[in-house]
Every structure is written in structure tokens, then in C-alpha cells.
Amino acid sequence: MTTPPRILYCHCNYAQVVPKEVKEAVLKKLCESGVAFEAVADLCEMSARRDPALQRLAEGGTVKIAACFPRAVKWLFAAAQAPLPADGAEVINMRVQTAEEVSAALFSEELKPNLPKGKAAPADAPSVQPETAAAT
Amino acid sequence: MSLQDQTTLRIVLYEGDGSQPLEAPGRFAAMTALLEKGFAVTRAAAAGAPARADRSSLLVLGQFIGGKPPQAEDAAGEVSIRFQDITGFDAARIAESVESARALTSAVKQGDWKPWFPVIDYDRCTNCMQCLSFCLFGVYGVDDGQKIQVQNNDNCKTNCPACSRVCPEAAIMFPKYKAGPINGDVVSDSDLNREKMKVDISALLGGDVYSMLRERSEKAQSRFSKERDADKALKERQKCLVKLAQAGDIPAEVLMSLPSPDEIMRRAEEAKAKGQAALAMQKQTS
């Protein structure tokens, strides 16, 4: 038996670029379902913090991500030293797709990997230089 | 403390054995309230594996039967786990209790910083260092292999996408920007041509913007003191930078937060020198 893809939902909390009605409808569908999922306030913020949860999400098998543009999501994970598996991640774009389309893709058993092809290996990302990270 | 050193509080909404599941509307309201306060929430259910809570404090919420949470601990002792019974709580009270729990930990309060920073598409980036040479705020740097990277993302000026405009390959994204390809949308040929036209902002201004600033600074120094009052200086800066704002889509408040023309020049020269040094190192090592 294959494990179904995990689900990650981004609330894009700190900007109004994802239509509110789409975010709400997708989250509502997730809450009404019986599936486990991860809901994060803002993937950008997690990437900036290099949140280790991103690594766990990237490494734990296939994943469907309801967020924004696949190119942006791919490199947000890579910037956090947590590259997504090129053939194991599907990004569903809440900026341009309807809530129905996003929900259907999330709950579909089929994974449609759609990350832009290219060099996403950790070796291709710059090395981390924590000593140069900015103080807040 | 750097952004990367800050810990966060992760929430698990537990609805398994020993607890009463929430009704769907209550679950949605609670999730929304927590997300809007900046928390990450795992909804644990029979199927699916949640992300590990590395470096985070963990708060498990549930309507625990008899108000008694299950016993749990992190076997490795790395994660502090707390429980909160939310029986009878509405969404606002859940969010409030979680915020109180956060205050008791070392976890950072979310939302104090708007996550606006450049994200580099290394599939497109050619390591030309134009972004490093351009940014006046020290956002960019290079790693040990002289590869461009975003080093100080919290130095970035909110809503300013100017460095993405100077990138000849449209390789710099701001995921929260309004339009493509800067927001991460696919880069089309026409986008690329448009970006290329914006490579040299100083050329668009009809000359080197920094020379122009230097000139203005020199003129200002030779004027009588009455001409150098704060209002005049402000107007000078506004005039001088308005074209740059239009060319680079830079918010006025970002421009007005810039220091004096002298300081801008100093920073520009510093950035340019960093870019040139990185390019020179690249040549040496290739």
C-alpha cells in the first residue's frame, strides 16, 4: 500500500496576494475532511527562519502544497536548505486557481509533480553562513 | 538574535484517543484564528505523518476527556511538550490561551517582521553579481564558493523589489509581489526582454545615478547654510530619487528612509566593490 501524499497548506498570512475567499474555502475543506495536514501561517516566513519543519516536510515522501507559484515554493524550500523532491512535490497555486480546483487537486490520490525542472540539489544552493545572518 | 536562531511554537490539534474531536466549523475557526496569529498547526489524524517539531516547543491542544491530556514526552528530550485542554473554548479563547502558552516559552512572537525578502531562482541565476552590486542594504553576499546568496533577508526593505528589476535573468523573486515574474510566475521571453531593459537603472536616468548624487552632494556642500536646511535637503532627495523610484518600482518610503547622498554613495561603492571582488574571485577559481 502506498502512503498518500502529505498535505501542506500555506495561509500566506502577511500579504493579501492569495484571495481570501480561496484560502478560506480550501482551509474549510481541509477541516471538514478526515485527513491529517500541516497548516502554516506563512511559508515565506518559515523559509526566512530556515525552519527545520520545512526539511521534514521536504524529506518525508511525497507532498502536495497549497500555496503560490511552484517556482517560488521550490526556491523558498531550497533557501531553507530543504529542497523539495523534484518528482515528489506538487504545488497547487491558490493565487491563480479556484478553491474547487485547489481542493480537488489536494484530495486527489494522484500526485502531479510540477516543480520547474532544474538544479534543485542542495549542492546547487549556496552554503549556509550563519555567522553572516542578520541580527534582528 | 538572527531570524534563524529564533524558535517557534508549533501547535498540534489532537483529536485522537482520549479526546473529543472538534466539530468541523469549530476546527476551521480555531485553525483560522491560530494561523492568523502566525502559528503553524498540525492537524493530527489517523492517516498521514506530520512534520517533526525540531527546535520548536510543542503545544498539544485537545478536548481531553475528563480534562486529562494523554501522557507524552519527547524520547530524545529535545522538544518541550505541553498540553492544553480546550474543552468549551471558542476560537478566540483558543488563540488567546496559545498566545499565553507561547509567552511562557522562548518561542518568538510571530508577525513582528513581514517576510519580504528576495528568493533566488538558481536555475536562472548566472552569478553575475548585479544584485550584490546594486543593493544598498547588504541583503546579498557570497558563500565560500563565491556563489551569490541572500544573507541578510531581514535587511530587505518591505515592498521594494528593485534588485529583481536589475537582474538580467529575472532570477530574483519576491513571492509576495503583486505581479509576475517577480512573484514567481513563469518567466516568458517578453518578461525577460522587459527585465533586460531595466538592467541599468542609471542608464535609464540618463547617466550614473551615483555620480548625479555625488554632484548634488558637492553642490550642496558649497551652498550657504540657509540653503541646506532639512526641508531643502529632503526636497533635493525627493527630486533626485523620484526617477529611480519610477524605474525600479521602489516604494517612496523606502527611498525616503535612505540616508544622505554621501551615505548612499558610500554604500553603493561598498556594494559595487563587493560584487567586483566576488567576480574576481570567481575568475581566479575557474
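Reader: Buried means under 20% relative accessible area. What is the relative accessible area of B:Phe174?

Author: The model is a predicted one. In it, B:Phe174 has a relative accessible area of 1%, so this residue is buried.

Reader: How many aromatic pairs does a search of the whole structure find?

Author: Over all chains, the search finds four aromatic pairs. In one of these, the ring centres of B:Trp116 and B:Phe174 lie 4.9 Å apart with the planes at 20°, and the pair is therefore stacked.

Reader: Which parts of the chain does that pair link?

Author: The two residues come from distant parts of chain B, 58 residues apart. B:Trp116 belongs to the loop between α2 (91–103) and β5 (119–120), while B:Phe174 belongs to the loop between β8 (172–173) and α5 (189–197).

Reader: And why does B:Trp116 count as buried?

Author: B:Trp116 counts as buried because its relative accessibility is 3%, and the cut-off is under 20%.

Reader: Which residues do ring pairs link into a cluster?

Author: The cluster consists of B:Tyr14, B:Phe64 and B:Phe83, linked by ring pairs.

Reader: Where does the charged end of A:Lys28 sit?

Author: The charged end of A:Lys28 is placed over the ring of B:Phe28, at 5.7 Å from the ring centre.

Reader: Turning to the core, which residues have the most contacts inside the largest nonpolar core?

Author: They are A:Leu43, A:Ile65, A:Phe77 and B:Tyr140, in a core of 107 residues. Domain 1 (3–103) and domain 2 (119–285) of chain B each supply at least three residues to this core.

Reader: What is B:Tyr140 in contact with, leaving aside neighbours within four places in sequence?

Author: Its partners include the cysteines B:Cys131, B:Cys135 and B:Cys163. Among the others are B:Pro118, B:Ile148, B:Val150, B:Ile172 and B:Lys274.

Reader: How many helices and strands does chain B come to?

Author: Chain B has 10 helices and eight strands. Of its 286 residues, 48% are buried. Among its contacts between residues at least 6 apart in sequence, 64% join residues at least 24 apart.

Reader: Where in chain A is confidence lowest, and where is it highest?

Author: The lowest is helix α3 (residues 52–59) of chain A, with a mean of 86, and the highest is strand β4 (residues 89–93) of chain A, at 98. Over residues 130–136 of chain A, however, the pLDDT falls below 50, although this stretch has 20 contacts in the model beyond near neighbours in sequence. For chain A the mean pLDDT is 87, and 86% of the residues reach 70 or more.

Reader: Now the backbone: which peptide bond is cis?

Author: The bond from B:Gly180 to B:Pro181 is cis, with omega near 0°. B:Pro181 lies in the loop between β8 and α5 of chain B. In general, most peptide bonds are trans, and most residues other than glycine have a negative phi.

Reader: Which residues have a positive phi although not a glycine?

Author: A:Cys12 has a phi of about 40°, and B:Asn127 has one of about 60°. A:Cys12 is in the loop between β1 (6–10) and α1 (20–32) of chain A, and B:Asn127 is in the loop between β5 and α3 (130–134) of chain B.

Reader: Are those two buried or exposed?

Author: A:Cys12 is buried, with a relative accessible area of 9%. B:Asn127 counts as buried at 15% relative accessibility.

Notes
Residues numbered from 1 in each chain as written. Chains lettered and ligands numbered in written order. Predicted model: local features only at pLDDT ≥ 70, side-chain atom pairs only at ≥ 80, totals over all residues. Heavy atoms only, no water. pLDDT = per-residue confidence, 0-100. Helix = DSSP H or I, 4+ residues; strand = E, 2+ residues; numbered from the N terminus. Contact = heavy atoms within 4.5 Å. Core = buried A, V, L, I, M, F, W, Y, C linked by side-chain atoms within 4.5 Å. Buried < 20%, exposed > 50% of the residue type's maximum accessible area, 1.4 Å probe, protein only. Domains from an automatic or database assignment. Phe/Tyr/Trp six-rings, centres within 6.5 Å; stacked < 30°, edge-to-face > 60°. Lys NZ or Arg CZ within 6 Å of the ring centre and 35° of its normal.
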